[in-house]
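Let's take a friendly walk through a protein complex, one piece at a time. Keep the structure open beside you and look for each part as it is named.

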Amino acid sequence: MEFIKHQIEKIKPNFEKGGKWEKHYYSFEALETFLFAPATTNGIKGAQIRDAIDLKRLMMTVIISMVPCLLFGMWNVGHQHFLAIGQAASFMDKFWIGVVQVMPVVVVSYGVGLGIEFVFATFRRHPVNEGFLVTGMLIPLVMPPDVPLWQVGLATAFAVIIGKEAFGGTGMNVMNVALTARAFLYFAYPTDISGSVWTYIGDAKAVAGYSGATPLSLAADAATTGTNVVASLNSFGAGWNEGVFSFWNMFIGIMPGCIGETSTLMCLVGAIILVATGAGSWKVIVSVFGGAYAMGLVLNLIGGNAFVEMPAHYHLVIGGLAFGAVFMATDPVTASQTETGKWIYGALIGIFTVMIRVFNPAYPEGIMLAILLMNVFAPLIDYFVVSSNKKRRLQRATV
Amino acid sequence: MGKFIRLKKGFTINLVGKAAPKVVEIEQPDTFVIKPTDFHGTYMPKPVVKEGDTVKAGSPLFHDKRHENIIYTAPVSGEVVEIKRGEKRKLLEIKILADKKVEYETFKKYTVSEIANLSTAALKEQLLTSGVWPNLIERPFGVVADPGVTPKAIHISAFDTHPLAPDYSVLYKGQDQYFQVGVDILKKLTAGAVHVNTHTTSEISTVFSQVKGVEVNKFSGPHPVGCVGIQIHHLDPINKGQIVWTIAPAGVIQIGKLFLNGIYDASKLVAVTGSEVKNSQYYKTYTGASVKKFLQDNLKQDHVRVIAGNPLTGTAVGKEGHIGFFDQQVSVLPEGDYAEFVGWITPGERKLSFHRAIGLFSFLSPGKERVVDTNTHGEPRAFVQSGIFEQVVPMDILPTHLLKSILAEDIDEMEALGIYEVIEEDLALCEFVDVSKHKVQEILREGLELVQQS
């Protein structure tokens with residue numbers, strides 16, 4: 001340790017003002033503070049002691065909350081792979097296929113994103129923000145398992161440059177960066193993000209009867225054909241993956257889908273970590289689920305077509321609702337920043353998710369669009385909450 | 001009848017080294033210092049003494065151009081040995097080499113019944129010339145009170161919840177009579193009530209429980225419940241255009257002594273606290289005392305930070321420094337200038353945190369006293385709206401929005417968001433819990449000064 005510390009101290013002057021690599025000071029700072037928490041002390045006046053928290057630890061907490069989703073996702077990628085090609089395999093075989101398929105996506109996402117962060121930090125002369133540590137993990141989890149790596153890189157670059165740096169960098173972005181990446185792929189390569197992309201098949205041949213349909217597309221189809229959604233979900237996969245879309249199977253998440261977002265259960269484990277550590281707002285998580293469920297119930301009451309009549313609790317386990325509620329909607333930068341606002345923001349995400357799913361079958365993945373939409377409206381919600389706080393103060397003054 | 005107010009938000013910081021309820025008297029420090037910088041709102045303090053002059057306790061030292069009738073006086077008798085000036089000849093401190101025995105300027109003495117009949121003008125005159133006036137703090141802005149106004153109320157916080165704070169039942173033991181006379185005088189200065197705000201969990205000294213003619217309110221909850229700004233917000237909030245005064249019990253007692261004994265008695269007990277002090281206890285001394293003698297042979301190690309005041313709002317003054325006008329506490333903490341290998345993730349029950357993020361387990365044993373050093377535990381970063389500030393400010397105020405409006409220098413917005421109701425100590429916990437390590441108190445004072453100048 002002393003040796004590393006000594007080496008860092010030795011090269012440090014090169015990066016400081018007047019040094020030959022002065023331009024790269026913030027890149028150096030990022031690596032230095034990664035190795036050693038700095039020896040800086042508090043100022044002469046004001047708080048002489050500080051909480052042991054820092055941004056790195058807070059971000060690590062969020063990353064750890066995503067690990068259950070990641071590990072489950074890796075296994076599930078392998079599991080679905082062997083189901084689709086009709087072979088039996090051991091747990092480790094499935095997990096290994098998943099690791100091989102998923103790790104490159106993670107590496108590309110971090111590599112491209114952090115690379116851009118460092119370049120911008122150097123040009124803009126600001127510290128490298130730890131925010132991308134979380135974004136870089138979120139992006140792979142919302143990618144389909146069979147996504148080409150160049151698309152991951154392109155989407156990450158787009159999200160970081162246009163979604164974040166164009167607005168002034170971390171903390172200034174209006175829309176969730178990881179979702180921007182996902183939305184970019186969704187709109188730029190619509191044909192690639194459909195069909196069999198949800199299961200990694202590789203060079204093998206899919207079994208007879210295999211279909212890449214998702215619960216959301218089945219539900220949308222059911223609405224046009226008029227069949228019962230639950231029945232069509234339960235009967236899907238007969239012959240090669242019986243019961244894959246049964247309610248409990250979808251809750252646990254053993255089904256095709258994005259790498260990390262199929263499992264509502266694992267998302268809830270993540271939610272428990274986020275809420276217990278205080279890293280994520282429980283108000284947002286609860287209100288997204290609550291809003292979606294309530295909207296589902298309202299639609300059930302109104303009735304109309306088969307999708308509208310799908311039981312409300314199915315909305316909570318299909319698609320990426322759970323993942324979006326727990327990891328995307330809670331992003332402190334793009335969410336509503338007032339405590340009252342968080343309830344409204346979350347509930348509207350839930351409501352819009354269900355509305356988009358049911359009434360706009362062209363965009364089945366409603367949660368992504370609902371969160372992006374509410375990201376844009378979050379400042380407006382805050383504006384009203386802050387105004388009401390000001391009004392209370394004004395009213396008091398006149399009494 | 002007073003009110004009972006229960007607050008939930010906040011965080012009491014439990015540190016090792018609270019003062020034992022033991023008062024010791026040692027040889028008085030050699031030097032005493034009065035720092036004009038202790039008083040917010042003074043903008044051109046002008047000394048009325050020269051180096052070499054001899055003064056008595058209560059002799060004028062300086063006054064400020066804004067309110068020239070407020071006289072700042074010497075706490076002890078002796079010789080003015082140094083008048084320290086900073087940039088642009090700004091007056092920084094006046095140092096007095098103290099006599100062995102304190103001699104006092106004499107002011108007019110009154111009996112309790114005479115005080116009852118005193119005119120407000122005569123009363124103010126005595127308060128202003130003797131040096132006790134600067135104990136009165138005006139809100140908004142936390143500046144020395146303007147003698148020309150009548151505040152809507154006067155608030156006295158009768159307990160301190162800051163880390164390592166002194167116990168008021170020790171500090172003010174036996175001062176009942178002076179405190180009573182003090183509040184009797186204060187009542188003549190306000191159109192409204194004098195509030196004495198006590199805490200439910202600590203034992204209330206008779207000084208506060210037996211006092212007559214005031215509203216005795218009860219509060220419960222964690223720090224910052226002891227900050228008078230928080231109490232005002234819940235009892236009788238400050239609106240635009242309104243003025244409220246606050247005063248610490250020490251100031252009230254000084255006022256009482258001034259009228260009953262006819263002297264400016266700046267004697268006080270100072271709690272010398274902190275994990276690095278061998279004997280945490282109370283010392284009898286005077287306002288502005290040098291800390292040197294309290295720390296002699298009383299430190300566990302040498303690499304320490306000596307803070308005049310408490311660890312949240314105090315000032316690092318060094319081992320030879322002096323306490324400020326309002327300080328009744330010296331805190332000595334380990335200096336934290338060490339780099340910790342991957343310190344941003346290493347777990348530890350030892351690390352004190354309001355958060356519960358990965359590896360920070362201090363929330364499991366909230367009552368445990370901890371040793372905390374002065375390390376920043378992280379680097380400055382952009383604001384992250386994690387909702388944490390809102391959890392430590394028990395007021396209907398949006399701290400993050402207020403701070404952002406200050407950074408944007410938007411005065412209308414600051415007013416609308418309630419800047420009139422807060423001073424540094426009210427938001428000091430935000431600075432402690434901040435993930436992005438902002439200097440919250442410094443930012444707030446800049447905002448207050450901007451609003452004042454507008």
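Predicted model: local features only at pLDDT ≥ 70, side-chain atom pairs only at ≥ 80, totals over all residues.

Helix α12 covers residues 282-302 of chain A, 21 residues in total, and runs 30 Å from its first C-alpha to its last. That is close to the 30 Å expected at 1.5 Å a residue. An α-helix has 3.6 residues a turn, so residues three or four places apart point the same way. Keep that in mind as you look at the buried residues of α12(A), which include Val284(A), Val288(A), Ala292(A), Met295(A) and Leu299(A). What covers them? The cover over the buried residues of α12(A) includes α11 (264-277), α13 (314-317), α14 (321-328) and α15 (339-359) of chain A. Just after α12(A) comes Gly303(A), with a positive phi of about 75 degrees.

**Chain A as a whole**

Now zoom out. Chain A holds 16 helices and 1 strand. Its C-alpha trace spans about 70 × 70 × 35 Å along the principal axes. A compact globule of 399 residues would have a radius of gyration near 21 Å, and chain A agrees with this because its value is 23 Å. Of the 399 residues of chain A, 51% count as buried.

**Where the chains meet**

How many residues of chain B are in contact with chain A? There are 65 of them, and they touch 50 residues of chain A. On the side of chain B that touches chain A, at least two residues each come from β18 (304-308), β19 (315-316), β21 (340-341), α10 (399-407), α12 (424-433) and α13 (440-453) of chain B. The most come from α12(B), with 4 residues. By type, this side of chain B divides into 28 nonpolar, 22 polar and 15 charged residues.

The chains also share strand pairing. Strand β1 (residues 36-37) of chain A pairs with β21(B) in the antiparallel sense over 2 bridges. Within β21(B), Phe341(B) stands opposite Phe36(A). For the complex, the predictor gives an ipTM of 0.88 and a pTM of 0.90.

**A sheet in chain B**

Chain B averages a pLDDT of 92, and 100% of its residues score at least 70. One feature to find here is an open sheet of 6 strands with mixed pairing, in the order β2-β17-β16-β20-β18-β19 (chain B). Its edge strands are β2 (23-24) and β19 of chain B, each of which pairs on one side only.

| Strands | Bridges | Bridge partners |
|---|---|---|
| β16(B) and β17(B) | 6 bridges | Ser267(B) and Tyr286(B) |
| β18(B) and β20(B) | 5 bridges | Val306(B) and Val332(B) |
| β18(B) and β19(B) | 2 bridges | Ala308(B) and Thr315(B) |

Is β18(B) mostly covered or mostly open? It is mostly covered, with 5 of its 5 residues buried. Val304(B), Val306(B) and Ala308(B) point one way from β18(B), while Arg305(B) and Ile307(B) point the other way. The hairpin of β18(B) and β19(B) has 6 residues between the strands, and there Gly309(B) takes a positive phi near 105 degrees.

Notes:
Residues numbered from 1 in each chain as written. Chains lettered and ligands numbered in written order. Expected span 1.5 Å × (residues − 1). Buried ≥ 20, exposed ≤ 12 C-beta atoms within 10 Å, placed from the backbone. Contact = placed C-beta atoms within 7 Å. Nonpolar A, V, L, I, M, F, W, Y, C, P; charged D, E, K, R; others polar. Pairing = 2+ DSSP bridges. Rg over C-alpha atoms; globule rule 2.2 N^0.38 Å. pLDDT = per-residue confidence, 0-100.
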